[in-house]
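Subject: Structure handover

Hello,

Here is the structure I promised to pass on to you.

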Amino acid sequence: MTRNTNGLAVDVRGLRKRYGDVTAVDGLDLGIRRGEVFGLLGPNGAGKTTTVEILQGNRDRDGGEVSVLGTDPASASRAWRSKIGIVWQDESAPAELTVRETVRHFARYYPRPRDPEKVIGQVGLQAKADSRIKGLSGGQRRRLDVALGVIGDPELLLLDEPTTGFDPAARRRFWELIRSLADEGTTILLTTHYLEEAEELADRLAVVASGRVVAEGTAAALRDRFGSDAVVEWTEADGRPRRESTGTPTRTVTELAGRFGGEVPGLRISRPTLEDVYLRLTGQENAR
Ligand SMILES: Nc1ncnc2c1ncn2[C@@H]1O[C@H](COP(=O)(O)OP(=O)(O)OP(=O)(O)O)[C@@H](O)[C@H]1O
């Protein structure tokens with residue numbers, strides 16, 4: 001079934017999913033524009049993986065409307081599947097094959113695959129191209145999973161915690177890959193627990209808690225809307241440290257500069273971070 005969703009790559013309304021007594025997704029709404037990188041954040045058990053699995057067509061839903069690239073994933077065709085890139089958590093690639101053999105093998109499933117050598121390079125596995133999968137480390141294995149997710153040159157890439165287990169250099173390389181895919185017009189949805197990653201990559205974010213979206217927007221908009229006051233810190237002439245929470249830090253600093261006749265000793269201004277906002281929205285602000 002195909003329906004018009006106003007140019008949205010992903011259009012989800014009132015999504016519901018229960019596992020027995022557990023309500024995993026509880027009326028979730030989501031709209032992802034074509035060409036956008038969208039980040040899904042939320043605490044453990046919030047319903048992110050369940051949502052992504054439903055979008056991939058790998059899990060039934062109990063209610064709500066879902067359209068992915070104009071199609072309901074519950075009745076999706078093979079042609080639709082070839083337009084979606086999925087990074088599996090537990091990829092079942094044959095352990096005896098090498099990285100190169102595996103990536104080439106998966107490329108054959110798609111009508112217009114990317115160049116396997118280029119993709120192996122983009123995930124930083126050139127040096128391991130001739131190694132067997134069973135000899136890869138956990139992080140290298142995960143990088144191979146990402147390679148298999150993008151090899152079909154998908155229109156939409158659905159990534160569930162793609163960089164878990166990556167070392168810092170591999171994570172940065174992955175970010176470059178995501179940016180280059182986004183530059184080429186790929187729509188990308190990723191879930192992550194790394195707020196820095198979400199801020200770095202996502203054009204827009206949604207925070208999910210208890211199976212529904214509690215806030216949505218750019219990182220800057222979320223900080224503005226849900227962030228607390230800025231904190232201005234300085235040192236008084238007698239050496240005492242001072243600290244003031246304020247919604248108008250520029251005014252505070254201007255007043256201080258006037259009072260000190262120029263430079264304010266020990267001046268520091270901190271704005272609420274995305275992490276502060278996230279913890280607040282998910283009711284975990286006392287976790288710090
Ligand atoms: N196959 C399943 N059978 C039963 N309950 C499940 C199943 N999968 C998930 N759940 C439950 O549904 C809820 C949502 O789980 P889900 O994996 O979607 O959350 P998540 O946001 O992806 O969490 P995490 O950040 O830990 O990956 C949780 O309470 C989880 O225990």
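A word on terms before the tour: helices (H or I, at least four residues) and strands (E, at least two) are DSSP runs, numbered from the N terminus. Counted that way, the protein chain has 10 helices and 12 strands. Please keep in mind that this is a predicted model, where local features need pLDDT of at least 70, side-chain atom pairs count only at pLDDT 80 or more, and totals for chains, interfaces and linings use all residues. Residues are numbered from 1 along each chain as its sequence is written.

The chain as a whole

Taken along the principal axes, the C-alpha atoms of the protein chain fill a box of roughly 70 × 45 × 35 Å. The chain is divided into domain 1 (8-223) and domain 2 (229-271), with bounds that come from an automatic or database domain assignment. Over C-alpha atoms, the centres of domain 1 and domain 2 are separated by 44 Å.

Of the 288 residues in the protein chain, 35% are buried. Here a residue is buried if 20 or more other C-beta atoms lie within 10 Å of its own, exposed if 12 or fewer, and partly exposed in between, with C-beta atoms placed from the backbone.

The ligand

Which residues surround the ligand? They are Tyr19, Val22, Ala24, Gly42, Asn44, Gly45, Ala46, Gly47, Lys48, Thr49 and Thr50, where a residue counts as near if its C-beta atom, placed from the backbone, lies within 6 Å of the molecule. Two or more residues of this shell come from each of β2 (22-33) and α1 (48-56). Helix α1 gives the most, with three residues. By class, the shell has four nonpolar, six polar and one charged residues. In this scheme Ala, Val, Leu, Ile, Met, Phe, Trp, Tyr, Cys and Pro count as nonpolar, Asp, Glu, Lys and Arg as charged, and the others, Gly among them, as polar.

Two strands pair if DSSP finds at least two bridges between them.

Residues are in contact if their C-beta atoms, placed from the backbone, lie within 7 Å.

The three-stranded sheet

Another open sheet has three strands in the order β11-β10-β12, with antiparallel pairing. Strands β10 (residues 230-235) and β11 pair over six bridges, and Val232 is partnered by Glu244 in β11.

Thr235 sits in β10 and counts as partly exposed because it has 15 C-beta neighbours inside 10 Å. Leaving aside residues up to four places away in sequence, Thr235 touches Pro241, Pro265 and Gly266.

Best wishes

Methods:
Contact = placed C-beta atoms within 7 Å.
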